[in-house]
Amino acid sequence: MDVRAALVADAKRMLDCLKSGSITQAASITSLPASIYTDDEGFALEKERLFRRAPLMLAASCELREPGDCKVMDVAGIPLLVVRGRDGVVRTFLNACTHRGARLMRECGHAARFTCPYHAWSFRLDGSLVAVPASEAFGDPDPDDSRLVAFPTTERAGLIWAILDPAAAPDFDAFLGGYDKLLAAFGFEHWHHFESRSLAGANWKLAFDAHLEFYHLPVLHRATFGPKMSNLAEYFYYGPHQRLGLVSRSEHVLEQDDVAGLADIPEDDWPLLPLLFGEWIIFPNVSINCFYKGGRGVIISQVFPGATVGESVTVQMFLHENPPGEALLEDARAMSEFLGQVVGTEDLPMSRAQQETLSSGLLARVQFGRNEGGVQHFHEWIQRFVEAPINHLLPRIMQQL
Ligand code: FES
Ligand SMILES: [Fe+2]
């Protein structure tokens, strides 16, 4: 993939949209049964066939910069331990001791090795068993059977993906289809992680729908973004992944350097920064929003299914290209708080209220407009994963129909 050519093509289409004040509409309004947000069986299938089959973007490289840095998380009911090894390679393990399943690490941090809090078996950062206390009494456990359960993992574009099926083939290329090469233009591996927070929400798809359209911006976010905010998104699709560009000529709170300024510059001289405008969606559950405060920053939102169909957790992770000096920290923190407020007090309460009405079972269907093509795209890809027989490998699911 010619990254610059792809970015330039997107920017040109965006300039056309800005000129005409219109977007490329989806072919038609679509609808889906409201039960996609409330049905227990569908939810179980999503966890099994989507969250255990599609590669998931779990962490930013800069969260795990040094060997021994580790991140503890729960994804769709699976406790995970992501760690950078002494060889610099990032690995993802089930956060479970192979003696009898105790959680090895309770929180993110740094470890030279993992020692189980139950009977103190210990493991190297590569997952191999180091020591069994009182082994003369216990006996010698088989080293192969005693390795931590490992998931296929890759690190690209300064981001870390894993497939939550230990037996899966590492088909990352089939899934990403070059989208990672576009993301690599940000250079996230050199950025800095300065804050993360978790916010509770309703069904994970209801919570994520709100990341996929701008239709609601001047309405639901009237108090925070203002009533004049554009509600038009131009969508750019890359397999299941997508970008959203806000069709707006006026400055707004997040971006000061978007594509509008390119109109007066010869195309060959277009700088990289505005070419990376907008919101980047990594299927199925991650959105990356750019903002500018003391340099470039992004908020990476990961929306994870919760314990039940009606619950989710949104993790907001803030990265900045500049190291956190005092002034930057203050600015970045202000932006972080603002976006925490937008999502935490506007989007997520809305999704909880929707969950309640949809759970009544009395609204048969929900609708997605011609201006919400990205939401249509998202649900089509979920269906494709959920409906593909369990023995279909990733490359086959990814083939265009
Ligand atoms: S469960 Fe970990 S050492 Fe026993
Ligand atoms: Fe929103």
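Me: Which residues of S15 are buried on one side, and which on the other?

Reply: In this predicted model, one side of S15 carries His241, Arg243 and Gly245 and the other carries Gln242, Leu244 and Leu246, and all of these are buried, leaving both faces of the strand covered. Strand S15 spans residues 241-246, and because six of its six residues are buried, it is largely enclosed by the rest of the structure.

Me: How many bridges does S15 make with S14, and in which sense do they pair?

Reply: Strand S14, residues 233-238, pairs with S15 in the antiparallel sense over six bridges, and within that pairing glutamate 234 stands opposite glycine 245 of S15. The two strands form a hairpin with two residues between them, where glycine 239 takes a positive phi near 60°.

Me: And how many bridges join S15 to S16?

Reply: Three bridges join S15 to strand S16, which covers residues 279-282, and these two strands also run antiparallel. Here arginine 243 is the residue that stands opposite tryptophan 280 in S16.

Me: Are histidine 216 and aspartate 347 buried or exposed?

Reply: Histidine 216 counts as buried because its relative accessibility is 13%, and aspartate 347 is buried too, with a relative accessible area of 12%.

Me: Okay, helices now. How far does H11 reach from its first C-alpha to its last?

Reply: Helix H11, with 15 residues (373-387), reaches 21 Å, which is close to the 21 Å expected at 1.5 Å a residue. Since 12 of the 15 residues are buried, H11 is largely enclosed by the rest of the structure; the buried residues include His377, Phe378, His379, Trp381 and Arg384.

Me: What about proline 389, where is it placed?

Reply: Proline 389 lies in the loop between H11 and helix H12 (394-398), and with a relative accessible area of 36% it is partly exposed. Leaving aside residues up to four places away in sequence, proline 389 touches Arg49 and Arg53. The C-alpha atoms of proline 389 and arginine 49 are separated by 8.7 Å, although these residues are 340 residues apart along the chain.

Me: There's another loop I'd like to check. Which residues does valine 309 touch?

Reply: Not counting residues up to four places away in sequence, valine 309 touches Tyr37, Thr38, Asp39, Asp40, Phe43, Asn203 and Gln355. Valine 309 is found in the loop between strand S18 (296-305) and strand S19 (312-320), and it is buried, with a relative accessible area of 9%.

Me: How does the protein divide into domains?

Reply: The domain assignment gives domain 1 as 3-54 + 172-398 and domain 2 as 56-170. Their C-alpha centres lie 30 Å apart, and 28 residues of domain 1 are in contact with 26 residues of domain 2.

Me: Last topic, then: in what order do the five strands of the open sheet run?

Reply: The order is S6-S3-S4-S5-S10, with antiparallel pairing. Strand S6 (109-110) and strand S10 (150-151) stand at the edges with a single partner strand each, so one side of each is left without a neighbour in the sheet. Two bridges join S10 to strand S5, residues 90-94, and threonine 92 stands opposite phenylalanine 151 in S10.

Technical notes. Residues numbered from 1 in each chain as written. Chains lettered and ligands numbered in written order. Predicted model: local features only at pLDDT ≥ 70, side-chain atom pairs only at ≥ 80, totals over all residues. Heavy atoms only, no water. Buried < 20%, exposed > 50% of the residue type's maximum accessible area, 1.4 Å probe, protein only. Helix = DSSP H or I, 4+ residues; strand = E, 2+ residues; numbered from the N terminus. Pairing = 2+ DSSP bridges. Expected span 1.5 Å × (residues − 1). Domains from an automatic or database assignment. Contact = heavy atoms within 4.5 Å.
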